[in-house]
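Take a moment with the sequence and the 3D view. The paragraphs below walk through them step by step.

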Amino acid sequence: MSPLKKTGIMGGTFNPIHLGHLVIAEKAREQFELDEVLFMPSGIPYMKDCREVLPGQIRTKMTELAIRTNPFFSVSTMEVEREGRTYTYETLECLCGQNPDTEYYFILGADSLWHMEAWKHPERIFAASHILAAVRENKSMEEMEKQASHLREKFGARIDLLQTGQLEISSSMIRGLCREEKSIRYLVPEAVYDYIIQNKLYRK
């Protein structure tokens, strides 16, 4: 039997995608020897204020521009194209059903480890994927390992911590800079920067 293909899933609103997302995805690919990483812009995120989220088509375009030079990265539009609210467990179960020869690694930020129990059917997320949680500056390794152990014991979760170094960039910070008409150069890939400026995105 041939070994399972290892695919990372980098989900998010990507509103906009930034260099922090790309660094985490590349570190995950390298550390866990992933064959590829799928960037998956969310559809209608049920846990965020949708008034601030740009249409899926625009967020997908920015994601495509951001990853176009990395042959191991690709974009999936399955969540953007899905009608209604977007739930992670549905996406992962759909992928597992379509690709039984693939093992999925769900890549997320440190803070999400504390939020996952409030997500829709967290037990099904853990059953369908291996979690890679990126260590962030605001959480110590001890705190993260303790939370990971809690989720392993409660859900039988497969969780590993991802060493990414410190690159504290957020989409909300970038949107705020755009509203203030301040520079976002070097916070996003150059092609994304050009797209945001040309289309006057995130202005007041």
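Is Glu-181 buried or exposed? Glu-181 is exposed, because its relative accessibility is 65% and the cut-off for that label is over 50%. Keep in mind that this is a predicted model. Glu-181 sits in the loop between H8 and H9. Now look from Glu-181 to Lys-204. The two are 23 residues apart along the chain, and their C-alpha atoms are separated by 9.1 Å.

Step back to the whole protein. There are 9 helices and 8 strands. The radius of gyration is 17 Å, close to the 17 Å that the globule rule gives for 204 residues, so the protein is as compact as a globular protein of that length. Draw a box along the principal axes. The C-alpha atoms fill roughly 50 × 35 × 30 Å.

How much of the protein counts as buried? The share is 48% of the 204 residues. Contacts tell another part of the story. Take the contacts between residues at least 6 apart in sequence: 76% of them join residues at least 24 apart. The surface comes next. The protein carries 26 positive and 29 negative side chains. The centres of these two sets lie 6 Å apart.

Now go to helix H4, which spans residues 88-98. Thr-91 belongs to this helix. Its relative accessible area is 2%, so Thr-91 is buried, a label for values under 20%. Which residues does Thr-91 touch, not counting residues up to four places away in sequence? They are Met-40, Met-78, Glu-79 and Arg-82.

Gly-97 is also placed in helix H4. Its setting contrasts with that of Thr-91: Gly-97 is exposed, with a relative accessible area of 59%, whereas Thr-91 is buried. Trace a line from Gly-97 to Glu-190. These residues are 93 apart along the chain, and 37 Å separates their C-alpha atoms.

Next, the cysteines. How many disulfides does a search of the whole structure find? The count is 0. A disulfide would need the two sulfur atoms within 2.5 Å. Cys-96 is partly exposed, at 27% relative accessible area. Cys-178, by contrast, is buried at 7%.

Turn to the backbone. A cis peptide bond joins Asn-15 and Pro-16, with omega about 5 degrees. Where is Pro-16? Pro-16 lies in the loop between strand S1 (5-12) and helix H1 (19-31).

Lys-200 is not a glycine, yet its phi is positive, about 50 degrees. Tyr-202 is found in the segment after H9 as well. Its phi is near 65 degrees, again a positive value in a residue other than glycine. What about their surroundings? Lys-200 is exposed, with a relative accessible area of 57%. Tyr-202 counts as buried, at 9% relative accessibility.

One last stop is Gly-165. This glycine lies in the loop between strand S8 (159-162) and helix H8 (171-179). Is Gly-165 buried, partly exposed or exposed? Gly-165 counts as partly exposed, because its 44% relative accessibility falls between the 20% and 50% limits. Look across to Ala-133. Gly-165 and Ala-133 are 32 residues apart in sequence, and 13 Å apart in space from C-alpha to C-alpha.

Key. Residues numbered from 1 in each chain as written. Predicted model: local features only at pLDDT ≥ 70, side-chain atom pairs only at ≥ 80, totals over all residues. Heavy atoms only, no water. Helix = DSSP H or I, 4+ residues; strand = E, 2+ residues; numbered from the N terminus. Buried < 20%, exposed > 50% of the residue type's maximum accessible area, 1.4 Å probe, protein only. Rg over C-alpha atoms; globule rule 2.2 N^0.38 Å. Contact = heavy atoms within 4.5 Å. Lys, Arg positive; Asp, Glu negative; His and termini not counted. Charge placed at Lys NZ, Arg CZ, Asp CG, Glu CD.
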